[in-house]
Every structure is written in structure tokens, then in C-alpha cells.
Amino acid sequence: MGAGAYICGDETALIESLEGKRGTPRVKPPYPVNMGYLGKPTSANNVETFAAVAAIIEHGASWFKAMGTAESTGTRLLSISGDCSAPGIYEIAWGITLADVLAKAGARDPWAVQVSGPSGDCVSVEKDGQRAIALEDLSCNGSFMIFDRSRDLLDIVSQFMQFFVNESCGICVPCRSGNVDLFKKINRVIDGKACQKDLDEVVVWGKLVRKTSRCGLGGTSPKPILTTLQNFPELYAAKLVKQAGPLLPSFDLEESRRGYREAIAMLNDRRTVS
Ligand code: SF4
């Protein structure tokens, strides 16, 4: 089911896969509750939701709503990984602070947390430690990756962008092409070949990909690069070079002419043979 594809986390892509087709998201509406599996009304939810429903039926809605916050009632399962002594699955009441979660997991000198997996926000423990995990503040889909100061955040962002390049189903251009461009940009920063113009373009292109993609993958994939740029600007600033003249520092004139030279050499070879 879904063949392990990340995109099949989208309910309509999963339904396509269940129907034996390629797992790509459908245009919505219609939503699965009206027209889902084989065109029939379909309820697609995760196991955590069904488990919560069973507990609510047993204990009542008031019991459930007594936990959490006004907009995020009840509890949430958190999958905690990374630089901590007690990784694993935790059940927390919504509203707990980032710092409290880190303390429970035994985080060692935590520096950054990727909240909600690759498609979420990369937050700073120093600046965001007292924020509440809830829809009103720091929303979370259940994944929590902890990074200490030994980690290279730019390299992590590059790996996340590579992941999205691989996992994009390719149906819409902003996601298919935009993630490749953002992946190239972050690697340009890492290689010390980016200037301020590159970062300005990252922000513009990142917002464009988010706004114009068909499904949640493209709607969130630029977040690792956009949120690290926002929360850890010093990492990017330390890698920038100055733009001297009209060409970007990353533009390699010799390399860009290589294809032309090869084509000319090939033509000359053919003329010699004939
Ligand atoms: S946003 Fe990406 S994954 Fe989603 S439909 Fe478009 S190309 Fe496919």
C-alpha cells in the first residue's frame, strides 16, 4: 500500500495507490468523504485518531477536552529522535513547552529541533524553548528531531531538500522544479559560492513553491530552508561571498561553455571522418 512513498501520506495519493494506480494526489475538491476509494465516500484517518476516538467513546468528550489547549484538545503522540538519551514514542498533552519535551527525552545540549519532520519548522531551542506545542503556537504533526551543537544544520537542510526532490511525484512544476532549485541553492551556500542575491531568491522561490503546489508536500517542502534562514541567519551569513560584477559568484563561465566546446569538437570529428 503506497509502496513506501512519502507522498502516499496524502490521503488521495494513498487512495490512488489502493486502486492500483500510481500514488499521486488528486485535485480537491471532491474530497474523499464525498468521493474516495473507487468513487465511494471514504474516511481516511491515521491509527492515532482511531485510537483517540475509542478512548473518547469510553471516557467522554469532556474528559478528552480537559487535556490540552483551547485549539488543540487532548493528547498527541510524539516520535522523538536525535541527540537525546531517551528517544522513543511519547504521549503528551498539547500545550507542553518545547523545553519540557526536551527535558523528558534527556536532550544533550540541544541547539535546534526539527518539529514535524522534514516538512516542518526548524526552531532554535534558545529562542523557542518556552513555546507551547499546540496549534495556537508551535504546531506539530508528531515528529521531533533533536540536534545538538555538533550537528551541521546546513548539511541537514541539504539532505531534507534532497529527500523532497526524490519524493516529489512530479505532477506540478513548482514542486518538481522548485525543490531542485532550492536544493542547488543550499548546496551553493555550503560550497561558499552563494551571495545575498541567492538567499533573496531562496525566500521568493520558497514562498512560490509553497503557495502554488498542488498538495502538502510542495506546500511544506521549502520549510527547512526557510525556517533555518529565519532562525539561524548567522549560519548562512558566515558562508556568503560578495558579488563582484553582474555575474553570480556561482557562475562558472568555463563550465557553462563545456557543452558548446564538446559539440563543436564532435562536429569537427565528423567532418574529418567524411
Ligand atoms: S506538490 Fe509535489 S508531490 Fe504534491 S502533487 Fe505537486 S508535484 Fe506531486
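The following exercises, with worked solutions, concern a predicted model. Local features need pLDDT of at least 70, side-chain atom pairs count only at pLDDT 80 or more, and totals for chains, interfaces and linings use all residues. Residues are numbered from 1 along each chain as its sequence is written, and side-chain values use heavy atoms, with hydrogens and water left out.

**Exercise 1. Determine where T97 is found and whether T97 counts as buried or exposed.**

Solution.
1. T97 belongs to the loop between β2 (88–93) and α4 (98–104). Helices (H or I, at least four residues) and strands (E, at least two) are DSSP runs, numbered from the N terminus.
2. Buried means under 20% relative accessible area, exposed over 50%, and partly exposed in between (1.4 Å probe, protein chains only).
3. T97 counts as buried because its relative accessibility is 15%.
4. The T97 side chain also reaches the backbone nitrogen of D100 at 3.1 Å.

**Exercise 2. Characterise D121 by its element, its accessibility and the residues with which it is in contact.**

Solution.
1. Strand β4 (residues 121–124) contains D121.
2. The relative accessible area of D121 is 23%, so this residue is partly exposed.
3. Contact means heavy atoms within 4.5 Å. Apart from neighbours within four places in sequence, D121 is in contact with V113, Q114, V115, K223 and T227.
4. Between the C-alpha atoms of D121 and T220 the separation is 9.3 Å, although these residues are 99 residues apart along the chain.

Note on methods: Polar contact = N/O pair within 3.5 Å; in protein donor to acceptor, adjacent residues only side chain to side chain.
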